[in-house]
Amino acid sequence: MEKLKQEIELKRCEMEILAVEKGFLAPEVLQISQELDQLINQFYHNALPLRN
């Protein structure tokens, strides 16, 4: 889980930097946003059994 948290944080930083450089609606930013969404979904999917 810790590795996944780090991946999420790195992807978030990457997206923020690219958004400032190219704009929030740039295709590259949207692609990274989708990748970030997948990582976050994976994190919560993995964390769900821990909450039960």
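This is a predicted model: local features need pLDDT of at least 70, side-chain atom pairs count only at pLDDT 80 or more; totals for chains, interfaces and linings use all residues.
Residues are numbered from 1 along each chain as its sequence is written, and side-chain values use heavy atoms, with hydrogens and water left out.

The protein has two helices and zero strands (DSSP runs, H or I of at least four residues for helices, E of at least two for strands). Its C-alpha trace spans about 40 × 15 × 10 Å along the principal axes. The radius of gyration is 13 Å, whereas a compact globule of 52 residues would be near 10 Å (taken over C-alpha atoms, with the globule rule being 2.2 Å times the number of residues to the power 0.38).

How much of the protein is buried? Of the 52 residues, 25% count as buried (under 20% relative accessible area, with exposed over 50% and partly exposed in between, using a 1.4 Å probe and protein chains only).

Phenylalanine 43 and tyrosine 44 have ring centres 5.4 Å apart and planes at 85°, so they pair edge-to-face (centres within 6.5 Å; planes under 30 degrees apart are stacked, over 60 edge-to-face, the rest tilted, for rings of Phe, Tyr and the six-membered ring of Trp). Phenylalanine 43 is buried at 15% relative accessible area, while tyrosine 44 is partly exposed at 49%.
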